[in-house]
Amino acid sequence: MDFTHVLTDPCTMVFTILFALGLLILCLYYGIFFFRLGRYKGPSRKKNSPSPAKLPPVSVVLAAQNDGDWLRQNLVYLLEQDYPDFEVVVVDYLSTDETQYILRLLAQNYSRLKVVTLTNNANGYQGLKYPFSIGIKTAQNDILLLAEPECIPMDTTQFNWIRSMVSGYVHDHIDIVLGYCGIAYKPSLFNWLQQYDNLLYSVEYLGSAILRAPFTGNGRNLSYRRSLFLKNDGFIYHYNIPDGADDMFVNQNARPRNTAVVLSPESFTLVQPQPTLRQWHLYRRHRVSTHSFYSLPLKLRRLLPPLGILLFYLFGALLLALAALPWQILAAALALKLAWQIVATAAAARRLAVKPVVYILSPLFEIYFLIANTFLSLFPLPKK
């Protein structure tokens, strides 16, 4: 094969360089984030876990708003945790369903359940930051575990979710522990899309924390110290932004030395998938609504993976259409990219208990989300 034209034709040379750059970005991205996360052991190892005599008291905090059905089904999984000293604080915020009656009944049977009822929006702000703040200030213990009413521990047989998450506090300088929340599996394409989207999101924030660059967390499974919350004035600097109780607080307070990641299966939580495409799209819009407040270096770093995908496929297609490179070379590059992507994604998926169909179809999902996320960034929720 004669490749002299690649060096003599400026257009071909530029296209080839950009195509190779896209391949390089993607290979590094899959290896550094997906493959490394799949091999990560972290502070969840048994030898790092606190002894039963040293287990610190914990406060689990939830904010509920018309979540009566979820609380009836799921709150017992938190109240029955195998942990020596913990409380569950539930803030009933402006609920108009039977939430208050369900919580009252549960409180009669579980002394560790503490209920705070808010019947009016005292500060006029939207979102759940205000009730979360009240719940955190009501909590008696320094270590907080945050979840949502629809969350349950993924392992409902051992009841060791609290114990496993607390194992992240292996050093006194740890203030934030990031956990993983999965989505219940169903055999449908819509569910697989949600699974892959959640996998991408989880790999990004967990992988960044493993690389000593934490920038966000998932409020469906998150822990931090109450003293950190009070010391840094909680959500006061972004009260006017409805979303981001987890995202913006971690983004502002997480540091390389004060943040740990726990990835033991007992630490995982689980939620049901969104039932409709419209609700899922709305959830995704809420999730990215605070990303415009990230720092410029973080925004640029998060653009690298989609940029790599665009460069690889766009300039690969141009090189093929112009016959600038032999199709065998382009096919080999595509095979290399797909093989490494599936292997690396499989490592992360197995680590996070995600079904094989998700990583097998990841090359197709990747292209879908490149387009979907572009539209998502063009039509975000209003910032106010």
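Is Phe34 buried or exposed? Phe34 is buried, with a relative accessible area of 1%. Buried means under 20% relative accessible area, exposed means over 50%, and partly exposed lies in between, using a 1.4 Å probe and protein chains only. This is a predicted model, in which local features need pLDDT of at least 70, side-chain atom pairs count only at pLDDT 80 or more, and totals for chains, interfaces and linings use all residues. Residues are numbered from 1 along each chain as its sequence is written, and side-chain values use heavy atoms, with hydrogens and water left out.

Stay with Phe34. Its ring pairs edge-to-face with that of Tyr30, at 6.1 Å centre to centre and 65° between the planes. Rings of Phe, Tyr and Trp (its six-membered ring) pair if their centres lie within 6.5 Å; planes under 30 degrees apart are stacked, over 60 edge-to-face, and the rest tilted. Both residues lie in helix H2 (residues 10-39), 4 residues apart, about one turn of the helix. Helices (H or I, at least four residues) and strands (E, at least two) are DSSP runs, numbered from the N terminus. Tyr30 is buried too, at 1% relative accessibility. Phe229 and Phe235 are another pair: their centres are 5.0 Å apart and their planes at 80°, so the pair is edge-to-face. Phe229 is buried at 2% relative accessibility, and Phe235 is buried at 2%.

The whole structure holds 22 aromatic pairs. One aromatic cluster is formed by Phe190, Tyr196, Trp280, Phe365, Tyr368 and Phe369. Charges also meet rings. The charged end of Arg287 sits over the ring of Tyr201, 4.5 Å from its centre. That of Lys355 sits over the ring of Tyr185, 5.7 Å from its centre. The criterion is NZ of Lys or CZ of Arg within 6 Å of the ring centre and within 35 degrees of the ring normal.

Next, the cores. A nonpolar core is a set of buried Ala, Val, Leu, Ile, Met, Phe, Trp, Tyr and Cys residues joined through side-chain atoms within 4.5 Å. The largest has 73 residues, and Leu178, Tyr224 and Leu263 have the most contacts inside it. Helix H7 (residues 189-210) gives the largest share of this core, 10 residues. A second, separate core has 34 residues, including Val58, Val88, Leu106 and Ala260.

Now the sheet. Three strands form an open sheet in the order S5-S10-S7, with mixed pairing. Two strands pair if DSSP finds at least two bridges between them. Strands S5 (152-153) and S7 (181-183) stand at the edges with a single partner strand each, so one side of each is left without a neighbour in the sheet. S7 pairs with strand S10 (residues 269-271) in the parallel sense over 3 bridges. Cys181 has Thr269 in S10 as its bridge partner.

Thr99 lies in helix H4 (residues 99-109). Thr99 is buried at 0% relative accessibility. Beyond its neighbours within four places in sequence, Thr99 is in contact (heavy atoms within 4.5 Å) with Asn66, Asp67, Gly68, Leu71 and Asp92.

Arg212, not a glycine, has a positive phi of about 65°. Arg212 lies in the loop between H7 and strand S8 (222-225) and is exposed, with a relative accessible area of 53%. Ala323, also not a glycine, has a positive phi of about 55°. Ala323 lies in the loop between helix H11 (296-321) and helix H12 (327-351), and is exposed at 61% relative accessibility.
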